Amino acid sequence: MTELFPPPSVSSPRLQTQGEFELLCALAGGELSPERRERIANWNLSALDWNEVLRLAEYHGVLPLAARNLIELARGLPPEVERSLRSAYETNLRRSLWFAAELARIMQHFERRQVRAVPYKGPVLAQSLYRDLGSRSFSDLDFLISPADFERAKQTLAEIGYRPSGEHNPAVESPALERFWLRTGYERSFDGAAGKNLVELQWALLPHFYAVDLRVEDLLARAGTVVVGEREVLCLSPEDSLLALCLHAAKHLWTRLIWLADIAETLRSYSGTQTIDYARVFSRARSLGIARILGISLWLVENILRGEIPEPAEEMIAADPRVPALGSEFAERLARGATYNFESTEYFRLILKLRERRGDRLRYLRRLVWTPGAGDIAVARLPEALFPLYRIVRIGRLMRKLVW
């Protein structure tokens, strides 16, 4: 089926020149400070490679945001560049408005079927942080649900034309595999009439092997509301949203500016009358063993985007010398556009470094070895009684990676 809304093509960037990357860092914000606005207004635009600027902006997920800010603030923008920027922003706005309408339609059906689902990222993030659906790009709708509600949520989506995607989705073949995937996986993608992988149901923020046991039921219990497209929908609490964004960025090793921008905008958006309870955030982070992940995320916001971070964050960073050391490493990789093979031993080692407690590192290693993924299940189709053998398949595939 032809996609009405194909996602933008993204290519890995080559070695970046400092000026273009610095410009994107300055542009990656929803509500810029007067100093930042003046800096953009006085930028020497003639020294830039505009093809590189546009390509890097797309790669880092900040193209519509950069377009909006450049059009508003930059002086002497080349006419052809301005046309490209306006086109990129308007294309994303149309796409985002479609997704916002679809979000409202899906949530309405979920409510009728009494499925408690919290949409996060996507239109909710664009509206709550950037106050503008056109400024944040996204390619699907993500819903957090309780595992107990998965079957009802799947049936509800089927009633409005969504079917499980067959791509990287081992659970589509049998009810037994679906039950198994609910225990070992964390998400399920769905295709719609407008394209593939438009909706994701998630019953965890991260795959099981990451060993971050943040229960979705607790997130649902603490959920608030936000207005998207003139409709009130559930959203994560400010504290949970900050932790979720940091975990998502860490999962991808902070390789795109937009994930840092989302964290920075979360800090800024809740600095007025509605605030984040940082004592609660840091307490949860410590109990989950992700204080280092939170610390690195905030260190990068401060040092890459020059964003303000709360004083308790400074204290948390100072308490763990690994935070600035790892932060510097990831900042350098981000600036030169380093990419990762997320199935490589290098990636697994880096994730291991992000956990501050020895027990969490051991749990991560144990689950990494013993938790089958979609690729492991795709190797062989076993009867339900032999599902435990997928662990052997997992070990074999990991050993092969180590050898090669």
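Reader: To begin, how many bridges join strand E6 to strand E7, and in which sense do they run?

Author: Five bridges join E6 (residues 224–228) to E7 (residues 231–235), and the two strands run antiparallel. Helices (H or I, at least four residues) and strands (E, at least two) are DSSP runs, numbered from the N terminus, and two strands pair if DSSP finds at least two bridges between them. Before we go on, this is a predicted model, in which local features need pLDDT of at least 70, side-chain atom pairs count only at pLDDT 80 or more, and totals for chains, interfaces and linings use all residues. Residues are numbered from 1 along each chain as its sequence is written, and side-chain values use heavy atoms, with hydrogens and water left out.

Reader: Is Leu-253 buried or exposed, and what about Arg-306?

Author: Here buried means under 20% relative accessible area, exposed means over 50%, and partly exposed is in between (1.4 Å probe, protein chains only). Leu-253 is buried, with a relative accessible area of 1%, whereas Arg-306, at 61% relative accessibility, counts as exposed.

Reader: Let me switch to the sheet, then. What is the order of its five strands?

Author: The open sheet has the order E1-E2-E5-E4-E3, with mixed pairing. Strand E1 (117–120) and strand E3 (163–164) stand at the edges with a single partner strand each, so one side of each is left without a neighbour in the sheet.

Reader: And which neighbours of E2 run parallel or antiparallel to it?

Author: E1 and E2 pair in the antiparallel sense over four bridges, and Val-118 has Leu-144 in E2 as its bridge partner. E2 and E5 are also joined by four bridges, but these two run parallel, with Asp-142 partnered by Glu-200 in E5.

Reader: How many residues of E2 are buried, and which way do they point?

Author: Five of the five residues of E2 (residues 141–145) are buried, so the strand is largely enclosed by the rest of the structure. Leu-141, Phe-143 and Ile-145 point one way, while Asp-142 and Leu-144 point the other way, and all are buried.

Reader: What about E5, how many of its residues are buried?

Author: Six of the eight residues of E5 are buried, so E5 is largely enclosed by the rest of the structure. Five bridges join strand E4 (residues 187–192) to E5 (residues 195–202) in antiparallel fashion, with Phe-190 standing opposite Val-199, and the hairpin that E4 and E5 form has two residues between them.

Reader: Changing topic, where does Asn-92 lie, and what is it in contact with?

Author: Asn-92 lies in helix H5 (residues 79–112) and is buried, with a relative accessible area of 8%. Leaving aside neighbours within four places in sequence, Asn-92 is in contact (heavy atoms within 4.5 Å) with Pro-64, Leu-133, Gly-134, Ser-135, Arg-136, Ser-137 and Phe-138. Leu-133 is 41 residues from Asn-92 along the chain, yet their C-alpha atoms are separated by 8.4 Å.

Reader: Finally, stepping back, how many helices and strands are there, and what is the radius of gyration?

Author: The protein has 19 helices and seven strands. With 404 residues, a compact globule would have a radius of gyration near 22 Å, and the protein has 21 Å, which agrees; the radius is taken over C-alpha atoms, and the globule rule is 2.2 Å times the number of residues to the power 0.38. Of the 404 residues, 55% count as buried. Residues 24 or more positions apart account for 72% of the contacts with a separation of 6 or more.
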